[in-house]
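User: Could you take a close look at the aromatic ring pairs in this one? I'd like to hear how they are arranged and where they sit.

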Amino acid sequence: MPLTVYLMAAGIFSMVTSEFLAAGLMPQIAAGLDVSLSQVGYLVTAFAAAMAVGGPLLSAAVLRLRPKRALMLLFGVFLAGNVLAAVATGYPAMLVARLVTGTASSAFLGTAVSLSMRVVPGGQAGRAASVALNGLMLGTLLGLPLSTFIGERYGWRSAFWAVTAMTVLAAALTLFLVPRTERQESGSATGGMRQELGVFRNPRLWLVFLTSTMVIGATFSAFSYFNPILTEVSGFSSGSVPLLLVAYGAANLVGNTVVGRLADRHTLAVMVVGLLANGVFLAGFALLADVPAGAVVFMLAIGLAGITLNPAMVTRVQRAADNGPLVNTMHSSFITLGIIIGSALGGAAIPHFGLVSPVWIGVGMAALGLVTLLPDLVRARRSAPADGTAGKPWAGAAGMPSAGTAAVGAPAPVEGADGRTTVGC
């Protein structure tokens, strides 16, 4: 895998660590800014909203720049917001800082994933996305506990300064080690903004986005409430929960790596199996939440099959449209929307149905995610050649022509019976 892909993971890691800071240091930030815990909670929501809304707008603004120049600009915007958070003396300044960093983080994620998929051969695009997105997984596994440790020991401002240092290092490595790359030479790029926006006229792309929203929403409806469920229902001490969350993060890393190796050749199969497995694991966690051993087993299983579907989700987006930065940023917005919906519905259900109810909401969202895959499954069955592959509904479901390829009249990529992408005539 090219060095560029690992550097993209490093940049994503630093920004994801910043995203988790407010949640991990709520009491300290509340005391430092003299605000309530609920107001600090709004900082988490503000970051997510900025990712969902501001990210695509900023990505569109840097679309005409070469990828490396766009990345450096996004690093600069993120650093400005993160420094503002570190020196903020009041709540309004902190709120602005979170909006700025959330916007930059989303745009960076889309641009970084797009570049990672461009610098490898077509058959390795999903694996490249997996490696880049390991930065997100490592943010959960290492970034959250590390920033929380620094914040608790040296003050919450120190945690923001630590993220600043990590981001400066990632930016410097990107500046000196990532080769200069021209703007993407697909129909969407050479045609400018009009072509880039043109891919959104594809109805299938919006269905792909919706699947991703359901996948992430199903997972975060449970993940958002792991802490109170593990302590109040499963009976674990508050001191053991961070260790369990580290184990969950490790499961994320393993699952993401496995999915990344399968995503290119078996995209739809990975999505179907992953959603089925996640629904079963969520149901198992809900049913055995009051049994400590069962709760841990199913929590780790959710870690293997939840957000780890990201590489397959990114590959579906690429094949439904292209791998341009604006498309990838919009995809991250729908992923963020899943986080918001899952956590919000879970929070609304708890007063009426108890602490475990958000997990059942996750089961329902996983089922809806499977429903959104049905058109692809039907399309695959209809298009399967009469050579014995007709019974394999995922043999060619993901291999739809990309909008960018169609725009320039090139042969459309088609996924064959073995799941490999080839060029059709």
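Analyst: Searching the whole structure turns up 11 aromatic pairs, where a pair means rings of Phe, Tyr or Trp (its six-membered ring) with centres within 6.5 Å; planes under 30 degrees apart are called stacked, over 60 edge-to-face, and the rest tilted. Take Trp156 and Phe160: their ring centres are 6.0 Å apart and the planes sit at 85°, so this pair is edge-to-face. Both residues belong to helix H7 (residues 156-177), and they are 4 residues apart, about one turn of the helix. Helices here are DSSP runs of H or I with at least four residues, strands are runs of E with at least two, and both are numbered from the N terminus. Trp156 counts as buried at 7% relative accessibility, and Phe160 is buried too, at 0%. The labels work like this: buried is under 20% relative accessible area, exposed is over 50%, and partly exposed lies in between, using a 1.4 Å probe and protein chains only.

Before going on, a word on the model: it is predicted, so local features need pLDDT of at least 70 and side-chain atom pairs count only at pLDDT 80 or more, while totals for chains, interfaces and linings use all residues. Residues are numbered from 1 along each chain as its sequence is written, and side-chain values use heavy atoms, with hydrogens and water left out.

Phe223 and Tyr248 have ring centres 5.3 Å apart and planes at 25°, so they are stacked. This pair links distant parts of the chain: Phe223 is in helix H10 (residues 203-223) and Tyr248 in helix H12 (residues 241-262), 25 residues apart. Phe223 and Tyr248 also belong to a cluster that ring pairs build with Phe220, Phe226 and Phe285.

As for the setting, the chain has 18 helices and 2 strands. Of its 425 residues, 54% count as buried. Among contacts in the chain with a separation of 6 or more, 79% come from residues 24 or more positions apart, a contact being heavy atoms within 4.5 Å.
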